[in-house]
Amino acid sequence: MNTLHFISLPNLIALALLLGFAYVPDVLAADDTPQTPNIIVILIDDLGQTDLGCYGSQFYQTPNIDRLAASGMKFTHGYSACTVCSPTRAALLTGKYPARLHVTDWIAGHNAPKAKLRIPEWTKYLPPEEVTLAEILKPQGYVCASIGKWHLGPTEEYWPLAQGFDINIGGNHKGQPPSYFFPYERPSIPLAGLETGEPGEYLTDRLTDEALRFIEANQQKPFFLYLPHYAVHTPLQAKEQAIAAAKERVQEDALQRNATYAAMVQSTDESVGRIVQKLDDLKLRDNTMIIFTSDNGGLTLNNVTHNINLRAGKGSAYEGGVRVPYIFSYPPQIKPGSENQTPIITCDLLPTVAAMVGIKDLPPGIDGRNLLPLLTDEGSFKPGPVFWHYPHYHPGGATPYGAVREGNFCLIEFYETGKFELYDVTVDPVEKDDLAATHPEVRDRLSSLLATWRQNVGAQMPTENPDYDPAAMGKQKKKQ
């Protein structure tokens, strides 16, 4: 009889070390404790929900993102936390509503000194005391990188390295690059880690290169890769070959027909494909959760894109301003090819990642919900309302407003007039049929719910503006 069978595991390991073996694979393999999953969050800038093939676009070509959606779960009623970028980014990193953070407009925001309402003194940075996703993952042994756009504070004391990230490449206070082609900076405004490069190098490709290097270097440890691309934000710049190919597909009567924007979407799609391929090559795919989304709806100003079957776009109070794609892919737990119609919002990402990793103690004030029961079809999930608060003006059409979606209904309250609009966005996503007058019980219930929420999160409200000049505001609208 082989007496080795009677040796305890600690003694067996000690014997192996004494005999000079580096490891005991057959014995350690018996421990089937799952590995801590890697986390990749890909955040695209200004990408509308219908800018992807898997969400219905007939013009933009996104085969890699479509495959990612087919490998996991796609949400059809997913929302950004705001109609513009900085508040959504703050919500993603903290799990809190922009209204609670008082980060309620893109930084540094629009100035409307002659508007009917005066905007509140809101916070133009992500406060350092807020606990970010990186900061809750680091104690679990994660190495954390932010590669791409940051746009959450004016100086380095508010940038990624001060918010729990080990690496910052490309992030500063700016919301868009001066150029998508190298060099990627204005004088005295460098993009961190991108000071050198090759002539003609494209920013979306370069950020992907950096992401691949990060994955390669950290394949032996759990990592969190936050990849907030500058694309597809203006300026509209893309590779000439891709633009030429898109021009051949343009149909003049189509709603989506901007060839340069299509080429930018194509480069973004190629980035996703390269990330997934790297994970496959390193045999990390089954231990990596990928989340793909956008920071607000597609930009419809100047015919950049069209949010097909959704009303308006970035900077508006309507569905086109806040409905965005959400794709979650994690092969061991998320059924491929699944689709979900539950309304979700940016704040939900932090508690979902925390639950996936096994973190139970979250910072106080978290507004998001753990989506794992939806993603894995295990446990229970009680859908709840989602909220918006935008006490600002925007060239995309927004005047100060608040909104709530609960069930099928979305209620919008316009702060200038006190007017309410109510839509059943499951059957009327274009928001043509205002039900506020015909469904007063729903309107009143949701308006009370919205008011209570604002009070609970400490939302800052606009006030009457003593310098209001209707004529000046009329001129501003004509310029838009």
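A pocket, on a 1 Å grid over the protein atoms alone, is an open set of points where a 1.4 Å probe fits, with protein on both sides within 12 Å along at least five of seven lines; lining residues have an atom within 4 Å of a point. This is a predicted model: local features need pLDDT of at least 70, side-chain atom pairs count only at pLDDT 80 or more, and totals for chains, interfaces and linings use all residues. Residues are numbered from 1 along each chain as its sequence is written, and side-chain values use heavy atoms, without hydrogens or water.

**View 1. The largest pocket.** Its lining has 25 residues. W106, H110, Q176, H233 and K314 lie nearest the centre.

**View 2. Arg369 in its loop.** R369 sits between α11 (349–357) and α12 (372–376).

**View 3. Aromatic pairs.** The whole structure holds 19 of them. Rings of Phe, Tyr and Trp (its six-membered ring) pair if their centres lie within 6.5 Å; planes under 30 degrees apart are stacked, over 60 edge-to-face, the rest tilted. Y326 and F328 are stacked, because their planes meet at 10°, with centres 6.3 Å apart. Both Y326 and F328 are buried. Y390 and Y401 are tilted, at 6.1 Å and 50°.

**View 4. Charges over rings.** Such a charge has NZ of Lys or CZ of Arg within 6 Å of the ring centre and within 35 degrees of the ring normal. K74 lies over Y55, 5.0 Å from the ring centre. R311 sits over Y318, at 3.7 Å from the ring centre.

Methods:
Helices (H or I, at least four residues) and strands (E, at least two) are DSSP runs, numbered from the N terminus. Buried means under 20% relative accessible area, exposed over 50%, partly exposed in between (1.4 Å probe, protein chains only).
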